[in-house]
Amino acid sequence: MKQGKRYQESAKLVDSTKVYEAEEALEIIEKMPKTKFDQTVELHVKLGVDSKHADQQVRGTVVLPNGTGKTQKVLVFAKGDKAKEAEEAGADFVGAEELVPKIEKENWFDYDVIVATPDMMGVIGRLGKVLGPKGLMPNPKSGTVTMDVKKAIAEIKSGKVEYRLDKTNIIHLGFGKVSFGAKKLLENYTTIIDAIIKAKPAAAKGQYIKSVSMSTTMGPGLFINQK
């Protein structure tokens, strides 16, 4: 497939045989031709674990010091006082059982993250087949099943991201926008990498971080030196 002119211009800045330091890679990304929209800078981390085993799962959340550059829309499943708390904390949508048919039958996915109080998990369980494949199921490990909905919403809105392995043992994650500049992106990158290293399962053997690369939404990838 023939790549566009902007991609080709960006690719000229990248040595595909080289492994870059993160700071240098981000400085190159900053110099790439600009697009009509503010591209996300994406991170891809291949780990030396086997995600088929429960004791080798790598999953968690981290609050990026400079946010993601994207305003996350939050849906909260809660009732009574907790629903009111969610509304006051800035949730974009709040509801309970009445949202189930809307999500199931109307394919309503106008939100990025779902937070739920523990008592609502029975209701949300009915949506597992719909929300699961989209990575939207609330989970205690990611802090999205909680009674402290105010804190959960505040963290998500301020730049909290979830990292998790896919079936090929790779973590894919957007960690900011090109417009942030190299310095802020580096701060976000370091925060994520540190969190992934700390999340190393005890059962993981051999080399933990196999490879790291980053790219913009529509740009070429750069391999990163990560010891």
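Residue numbers start from 1 along each chain as its sequence is written, and side-chain values use heavy atoms, without hydrogens or water. Since the model is predicted, local features need pLDDT of at least 70 and side-chain atom pairs count only at pLDDT 80 or more, while totals for chains, interfaces and linings use all residues.

Start with the rings. A pair of aromatic rings is described by the distance of the centres and the angle of the planes. Here, rings of Phe, Tyr and Trp (its six-membered ring) pair if their centres lie within 6.5 Å, and planes under 30 degrees apart count as stacked, over 60 as edge-to-face and the rest as tilted. By this rule the count comes to 4 aromatic pairs. One of them, F93 with W108, is edge-to-face, with 5.0 Å centre to centre and 85° between the planes. F93 belongs to strand β5 (residues 93-95) and W108 to the loop between α4 (99-106) and β6 (113-116), so this pair ties together parts that are 15 residues apart in sequence. Helices (H or I, at least four residues) and strands (E, at least two) are DSSP runs, numbered from the N terminus.

F93 is partly exposed at 24%, whereas W108 is buried at 13%. F109 and Y111 make a tilted pair, 6.3 Å centre to centre with 55° between the planes. F109 is partly exposed at 23%, while Y111 is buried at 5%. Ring pairs link F93, W108, F109 and Y111 into a cluster.

A charge sits over a ring if NZ of Lys or CZ of Arg is within 6 Å of the ring centre and within 35 degrees of the ring normal. K102 lies over the face of W108, 5.0 Å from the ring centre, and the charged end of K134 sits over the ring of F109, 4.5 Å from its centre.

Now for helix α2 (residues 22-31), where A22, A25, L26, I28 and I29 are buried. These residues cover an arc of only 155° around the axis (taken from the directions from the helix axis to the C-beta atoms), which puts them on the same side of α2. The buried residues of α2 pack against elements including β1 (19-20), β2 (40-47) and α8 (182-198), with contact meaning heavy atoms within 4.5 Å. A22, with 9% relative accessibility, touches L186, Y189 and I224, leaving aside residues up to four places away in sequence.

Note on methods:
Buried < 20%, exposed > 50% of the residue type's maximum accessible area, 1.4 Å probe, protein only.
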